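I opened my notebook to keep track of what I looked up in this structure. Here is what I wrote down, entry by entry.

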Amino acid sequence: MTTKIGCMKNFSKTQWHMNLLFCSVCNMKQASPPAQQVAEVKTRRHGLLPSTRQTNPFIWCGAILGVILSLILIITGIIILIFFLFVKPKNPVFDIPSASLNTIVLDSPFYLNADLTFLANFSNPNHKMDALFEYVNIDLYFQNRIIAAQALPPFAERRGEAKFGSIHMISSEVYLPPEISMELQKQMRNNSIMFNIRGAFRVRVSFGIGHYTYWLYGRCQIELTNPPTGVLISKICRTKK
């Protein structure tokens with residue numbers, strides 16, 4: 001009887017150990033993710049991580065070319081900045097020191113005949129750069145109506161130099177609208193005639209072996225008395241790019 005009870009105790013202990021082992025295996029199975037989930041996680045990781053493919057040589061060439069162009073632009077900007085700080089370039093100046101109105105006649109009375117002479121002053125205020133006037137054109141206006149035009153041959157100016165030239169403007173049978181003709185007659189009665197002189201100049205400025213070209217525009221408003229002693233009363237001149 002004692003032997004049978006001892007066997008039953010041993011059997012109970014063995015069964016208890018088996019149950020414990022079975023529960024441990026079940027817990028491990030529940031704790032471990034399914035194979036499908038593991039495969040999905042691996043797929044996501046492979047999708048997020050960058051591939052180890054080599055960079056296209058054209059991309060490298062483009063990047064190197066961009067760096068070179070950036071360096072060229074930076075160096076060019078520094079050179080231009082140093083140039084302007086050192087040289088301090090100034091624009092040539094167009095001015096009219098004197099003028100005379102020789103003749104002004106209205107025919108019919110809407111056709112203008114006029115004879116105007118003025119002294120033009122072209123000066124180069126730069127002390128380190130020479131200037132070349134490659135193109136010079138001057139127009140004479142009354143109100144906003146062009147009545148004469150004159151083109152001058154190219155000429156050069158040394159640094160700090162000024163050149164004077166007598167310019168003769170002739171208007172022959174130039175038609176004026178009625179309102180402009182009436183304004184001219186009014187100014188003639190008041191012995192004060194206003195003209196506008198506009199100049200367009202293409203200037204080439206040289207500094208050592210370098211040079212650059214740009215356009216200048218001169219504007220002068222002059223007031224003269226009636227002929228035959230039509231003298232300059234006042235003027236306003238400015239020159240700008």
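This is a predicted model: local features need pLDDT of at least 70, side-chain atom pairs count only at pLDDT 80 or more; totals for chains, interfaces and linings use all residues.

**Entry: helix α4.** I started by looking for the buried residues of α4, and I found Ile180, Ser181, Leu184 and Gln187. Buried here means under 20% relative accessible area, exposed means over 50%, and partly exposed is in between, with a 1.4 Å probe and protein chains only. These four cover an arc of only 125° around the axis, so they sit on the same side of α4. That arc is taken from the directions that run from the helix axis to the C-beta atoms.

I then turned to the face of α4 that points away from the buried side, and there I noted the exposed residues Glu179, Met182 and Arg189. What do the buried residues of α4 pack against? I listed β1, β2, β3, β4 (145-152) and β7. I count a contact when heavy atoms are within 4.5 Å.

I also checked the length. Helix α4 covers residues 178-189, which is 12 residues, and spans 17 Å from first C-alpha to last, close to the 16 Å expected at 1.5 Å a residue. The expected span is 1.5 Å times one less than the number of residues. Just past α4, Asn191 has a positive phi of about 60°.

**Entry: ground rules.** Residues are numbered from 1 along each chain as its sequence is written, and side-chain values use heavy atoms, with hydrogens and water left out.

**Entry: the whole protein.** I counted four helices and nine strands. Helices (H or I, at least four residues) and strands (E, at least two) are DSSP runs, numbered from the N terminus. Read from the N terminus, the order is α-α-α-β-β-β-β-β-β-α-β-β-β. Of the 241 residues, 27% are buried. Among contacts with a separation of 6 or more, 67% are between residues 24 or more positions apart. The protein exposes about 16500 Å², and carbon and sulfur atoms supply 63% of that. Accessible areas come from the Shrake-Rupley method with a 1.4 Å probe; for residues, only the protein chains shown count as cover.

**Entry: salt bridges.** How many salt bridges are there? The count comes to four, where a salt bridge is a side-chain nitrogen of Lys or Arg within 4 Å of a carboxyl oxygen of Asp or Glu.

I looked at Asp95 and Lys235 to begin with: their closest N and O atoms are 3.1 Å apart. Asp95 is in strand β1 (residues 93-107) and Lys235 in strand β9 (residues 230-240), so to speak distant parts of the chain, 140 residues apart. Lys235 is partly exposed at 35% relative accessibility.

Next I took Asp130 and Arg159, where the closest N and O atoms are 3.3 Å apart. Asp130 belongs to strand β3 (residues 130-142), while Arg159 is in the loop between β5 (155-157) and β6 (162-175), 29 residues apart. Is Asp130 buried or exposed? Asp130 is buried, at 17% relative accessible area, whereas Arg159 is partly exposed at 39%.

Then came Arg202 and Glu134, which form a salt bridge at 3.3 Å, N to O. Arg202 is in strand β7 (residues 193-207) and Glu134 in strand β3, so this pair ties together parts 68 residues apart in sequence. Arg202 is partly exposed at 31%, and Glu134 is partly exposed at 25%. I also noted that salt bridges with shared partners join Asp130, Arg158 and Arg159 into one network.

**Entry: Asn121.** I found Asn121 in strand β2 (residues 111-123). Asn121 is buried, with a relative accessible area of 13%. Leaving out residues up to four places away in sequence, Asn121 touches Val93, Phe94, Asp95, Pro97, Ala162, Lys163 and Phe164.

**Entry: Ile82 and Pro89.** Ile82 is in helix α3 (residues 57-87), and Ile82 is exposed at 52% relative accessible area. I placed Pro89 in the loop between α3 and β1, partly exposed at 21%.
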